[in-house]
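Here are my notes on the model you asked me to look at.

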Amino acid sequence: MSLFARSRQPSDTTGGGAEEDGAAPAPEEVTGAAPPSGAEPPPGAPTPSDGTSSPAAPPSSDGTPSPAAPTPSGTAPAAARPGRWGLRQRWPRTARGVTVGTTVLAGALVLCALLVPNRVERLALAAFLRLPAEGILLAALLLALPPRPRRIAAVVSGVLLGLLTVLKLVDMGFYQTLARPFDPVLDWILLDDAADFVRESFGRGGQVLAVVGVIVLFVSLLVLMTLATVRLTGLMARHRPAAARTLLALGVVWITCVTLGVRITGVPVATRGTAEMLGNRVEQVRAGLRDARVFKEQAAVDAFARTPPDQLFTGLRGKDVLFTFIESYGRVAIDDPAMADPIDAVLTEGTDRLRSAGFASRSGWLTSPVTGAGSWLAHSTFLSGLWIENQQRYRSLTTSDRMTLTSYFRKAGDWRTVGIVPGVRRAWPEGKFFGLDHVYDSERLGYHGPYFSWTPVPDQFSLEAFERLEHGRKDRRPIMAEIILASSHNPWSPVARMIDWDDLGDGSVFHEIKKEGTDPKEVWKDPEKVRTEYRRAIEYSLRSLTEWVERYGDEDTVLVFLGDHQPVPTVTAGDTGKDVPVTIVARDGKVLERVEEWGWTDGLKPAPDAPRWGMDAFRDRFMTAFGPQGAPAPRAPASRERP
């Protein structure tokens with residue numbers, strides 16, 4: 001009789017008698033045969049209340065259903081079909097292989113989430129041959145929880161691991177572009193800027209594909225990581241003793257490796273890198289939240305706030321003062337051996353040509369608050385005398401009453417203040433904050449040629465437009481101009497080339513020049529090609545500027561030009577510095593006499609040991625040098641040391 005009766009004992013909650021994951025049930029468990037008609041039930045067996053059916057078996061203690069209850073007397077149930085559509089019964093070996101393979105992939109996915117670094121240059125096999133303390137502790141926690149909390153914790157852990165992986169991938173992009181990690185508080189606006197950059201460089205189709213790809217990747221990571229964590233948690237619960245022994249062994253190995261300092265190719269075997277990364281990110285968030293108060297206190301200090309207008313820039317009265325930024329013109333262009341000779345030739349040629357035209361020049365170094373991108377942060381640091389290293393500070397600055405270098409020129413009353421900003425393609429209310437009487441964006445320069453990837457207007461045309469619209473006008477007041485040259489903006493392909501100034505016209509001539517250039521999609525497949533195109537773009541910007549001064553400059557021209565930041569790490573090739581060259585050019589010797597004490601190098605190329613200031617120090621030093629002679633110099637902000 002016992003051959004036909006199913007056991008009603010609860011399943012083993014310890015996992016010691018559980019079936020292996022994916023194993024087919026025993027034959028006697030799937031036949032479900034009923035006792036012969038008329039046979040007496042075993043002693044102690046429950047009798048159905050209505051005589052037709054047996055009560056359902058209670059669930060086991062770990063939440064898994066117990067074997068099915070006996071079927072009604074005299075009937076035989078259909079054979080069970082293990083697996084979906086009975087595939088496990090038809091192809092047991094294949095099904096077993098799929099089950100094992102899926103479990104292995106789930107483990108690899110979770111392990112990858114814990115071990116993958118957040119920087120591309122650290123991606124190596126040794127990075128994945130480590131023991132993550134976070135994984136051991138998480139597995140132990142899940143194993144210790146009761147069934148229902150365990151399932152909830154597994155889902156939550158999977159989602160968090162997915163978000164962690166997304167954060168690491170975003171960090172990789174930020175390190176490749178800005179040489180720093182993503183800031184969860186301050187950097188969200190940069191994601192929109194990144195989408196705009198892709199559209200302007202690779203077209204609307206490229207932008208759509210990039211955005212869709214990012215969304216699909218994000219959702220896929222969350223879903224797959226959650227499924228993987230739930231699967232591994234279920235496996236541990238079914239094999240609790242083996243899982244507990246394994247975790248204990250891994251914990252001992254981790255502690256041993258930490259104690260002995262075991263390494264593989266210089267990488268520690270025992271790691272808690274994820275916990276450290278998250279701890280640093282939490283501190284970063286706290287610092288971001290505190291920064292608003294700190295910045296407000298710094299912005300309230302202005303050494304020139306009470307200076308009368310007639311005492312401002314007394315050494316520049318009657319001069320045209322041009323502050324010109326060259327996009328991505330960083331120290332790497334001068335110091336890198338692969339670029340040094342061509343760039344040096346351009347700077348030497350420019351120095352000689354300007355000297356022949358009666359101009360002298362001095363050069364030094366400034367340390368930018370950013371690298372790779374974020375030009376507006378560097379511009380505002382230079383002009384405001386405050387360290388603007390994130391978007392929160394930029395917004396606080398541009399909504400404050402802080403006076404900038406350009407707005408002080410407007411306050412002085414002797415200058416017409418203008419902005420030549422070809423990179424601006426939308427409303428730019430910040431122009432009013434910077435004290436500019438008139439702003440010429442990409443739509444107001446009269447350009448009818450093509451874009452050069454991101455660059456809307458070639459530098460040579462922008463400078464010629466400035467001459468036509470402002471500098472070359474008769475009977476005008478002195479000009480203070482902020483000029484932003486954009487041809488050396490990433491992706492540096494294709495690059496415009498110099499042509500005769502008289503042939504510029506409305507810019508239509510650049511259509512043919514663009515066709516001669518390189519394709520950015522091809523250039524960015526090879527880092528060396530990227531570096532070559534970057535160098536060519538810097539050469540073009542420098543030639544455009546020095547030829548403009550040679551052609552249109554006069555006794556009253558004072559030019560200050562500088563880079564806004566270093567280029568992306570693809571170009572800097574490991575250089576983490578943030579220095580940029582800065583140069584002042586003038587024909588009037590009295591102008592350069594006022595900056596003699598700066599100790600800058602003669603010519604357009606700063607010496608390696610030339611003075612280096614933080615970019616936020618320039619405003620006050622410049623205003624002091626060109627203020628009333630003998631006036632006490634205000635205390636300038638502390639220079640930032642080069643990393």
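**Notes on the predicted model**

1. Let me start with R199. With 22% relative accessibility, R199 is partly exposed, because buried here means under 20% and exposed means over 50%. Keep in mind throughout that this is a predicted model. R199 belongs to helix α6, which covers residues 188-238. Setting aside neighbours within four places in sequence, R199 has contacts with R204 and Q207. There is also a C-alpha distance to look at: R199 and A210 are 11 residues apart along the chain, and their C-alpha atoms are separated by 9.4 Å.

2. A step back to the whole chain. The chain has 21 helices and 13 strands. Of its 643 residues, 45% are buried. If you take the contacts between residues at least 6 apart in sequence, 76% of them join residues at least 24 apart.

3. Next, A333, which sits in helix α9 (residues 332-335). Is A333 buried or exposed? A333 has a relative accessible area of 0%, so it goes down as buried. Beyond residues up to four places away in sequence, A333 touches M339, A340, I343 and Y534. The C-alpha atom of A333 is separated by 8.8 Å from that of Q566, although the two residues are 233 apart along the chain.

4. You'll find S380 in helix α11, residues 375-384. S380 counts as buried because its relative accessibility is 0%. Leaving out residues up to four places away in sequence, the contacts of S380 are G385, I388, Y394, L397 and F434.

5. Now some strands. Strand β7 (residues 416-420) has four of its five residues buried, so β7 is largely enclosed by the rest of the structure. What does β7 pair with? With strand β9 (residues 479-485), β7 pairs in the parallel sense over five bridges; within that pairing, V418 stands opposite A481. With strand β8 (residues 438-440), β7 again pairs in the parallel sense, here over three bridges. G419 has V439 in β8 as its bridge partner. When you look at the side chains, remember that in a regular strand they alternate between the two faces of the sheet.

6. Helix α15 (residues 459-471) is mostly covered, with 11 of its 13 residues buried.

7. Last, empty space. Rolling a probe the size of a water molecule over the atoms shows where such space is left. How many cavities of 30 Å³ or more turn up? The count comes to three. The largest cavity holds about 70 Å³ of space. Its lining has 13 residues, and F452, T455, S487, P494 and V495 lie nearest the centre of the largest cavity. By residue type, the lining of the largest cavity has eight nonpolar residues, five polar and no charged.

Methods: Residues numbered from 1 in each chain as written. Predicted model: local features only at pLDDT ≥ 70, side-chain atom pairs only at ≥ 80, totals over all residues. Heavy atoms only, no water. 1 Å grid on protein atoms, 1.4 Å probe; cavity = no way out; pocket = protein on both sides within 12 Å on 5 of 7 lines; lining within 4 Å. Points joined across faces, edges and corners; volume = space filled by probe spheres on them. Nonpolar A, V, L, I, M, F, W, Y, C, P; charged D, E, K, R; others polar. Helix = DSSP H or I, 4+ residues; strand = E, 2+ residues; numbered from the N terminus. Buried < 20%, exposed > 50% of the residue type's maximum accessible area, 1.4 Å probe, protein only. Contact = heavy atoms within 4.5 Å. Pairing = 2+ DSSP bridges.
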